[in-house]
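Visitor: I would like to learn how to read pockets and charged pairs in a model like this one. Could we start with the pocket and then turn to the salt bridges?

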Amino acid sequence: MSERATGGFTLDSWDEEPYDEGGGGTLAEARITKSFTGDLVGTSVTRILMCRTPVESSAAYVGFERFTGTLAGRRGSFVLHHTAGSDTETGSRLSWTVVPDSATDELRGLRGGGQIVVGPDGGHTYQLDYRLD
């Protein structure tokens, strides 16, 4: 049986460092910290690799995030794998998947995936469809 976790998060820090500024886009790495509210309560550290193109709305990133806290009242940590992109034609696509067997403590056996939505005001919400084995 699958459950759905929803809520929001804030970006507490965003430290970005370009490493290749060639034609067609800038490649960069970023370290991000977040605080979660809702069904996920806790904090995370994320590392992403991204490409920002000369067209402001076109970009892509991949990354990994370790969440530590509670999911529906169960304590532990787990790792999320991010894949995202955006452009003027299709808009934003931000998905994440729980890395299998990465969950600890009361979250051991966690499986699932979902998405992140950035609202028009810049606020972030999440949806995680999951199951605990």
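Guide: Let us begin with the lining of the largest pocket, to which β3 gives the most, with five residues. Please keep in mind throughout that this is a predicted model.

Visitor: Which other strands supply at least two residues of that lining?

Guide: Besides β3, the strands β1, β2, β4, β5 (74–87), β6 (91–98) and β7 (110–118) each supply at least two residues of the lining of the largest pocket.

Visitor: How is such a space found, and how much of it lies in the largest pocket?

Guide: The general idea is that rolling a probe the size of a water molecule over the atoms shows where empty space is left. In this model, about 540 Å³ of space lies in the largest pocket. Its lining comprises 28 residues, and those nearest the centre of the pocket are Trp14, Tyr61, Ala84, Leu94 and Val118.

Visitor: What is the make-up of the lining by class?

Guide: The lining of the largest pocket divides into 15 nonpolar, nine polar and four charged residues.

Visitor: Turning to the charged pairs, how many salt bridges are there?

Guide: As a general idea, side chains of opposite charge can pair when their charged atoms come close. With a cut-off of 4 Å between the side-chain nitrogen and the carboxyl oxygen, the count in this model comes to five salt bridges. One of them joins Arg4 and Asp129, whose closest N and O atoms are 2.6 Å apart. This pair links distant parts of the chain, since Arg4 lies in strand β1 (residues 3–20) and Asp129 in strand β8 (residues 124–132), 125 residues apart.

Visitor: Where in the chain do Glu16 and Arg52 lie, and are they buried or exposed, or something in between?

Guide: Glu16 and Arg52 form a salt bridge at 2.9 Å, N to O, and the pair links distant parts of the chain, with Glu16 in strand β1 and Arg52 in strand β3 (residues 40–52), 36 residues apart. Glu16 is partly exposed, with a relative accessible area of 33%, and Arg52 is also partly exposed, with a value of 40%.

Visitor: And how should I read the pair of Lys34 and Glu65?

Guide: The side chains of Lys34 and Glu65 meet in a salt bridge at 3.2 Å, N to O, which connects strand β2 (residues 26–38), holding Lys34, with strand β4 (residues 59–71), holding Glu65, across 31 residues. Buried means under 20% relative accessible area, so Lys34, at 5%, is buried, and Glu65, at 1%, counts as buried too.

Definitions and conventions
Residues are numbered from 1 along each chain as its sequence is written. This is a predicted model: local features need pLDDT of at least 70, side-chain atom pairs count only at pLDDT 80 or more; totals for chains, interfaces and linings use all residues. Side-chain values use heavy atoms; hydrogens and water are left out. Helices (H or I, at least four residues) and strands (E, at least two) are DSSP runs, numbered from the N terminus. Buried means under 20% relative accessible area, exposed over 50%, partly exposed in between (1.4 Å probe, protein chains only). On a 1 Å grid over the protein atoms alone, a cavity is a set of points where a 1.4 Å probe fits but cannot get out, and a pocket is an open set with protein on both sides within 12 Å along at least five of seven lines; lining residues have an atom within 4 Å of a point. Grid points are joined across faces, edges and corners, and a volume is the space filled by probe spheres set on the points. Ala, Val, Leu, Ile, Met, Phe, Trp, Tyr, Cys and Pro count as nonpolar, Asp, Glu, Lys and Arg as charged, and the others, Gly among them, as polar.
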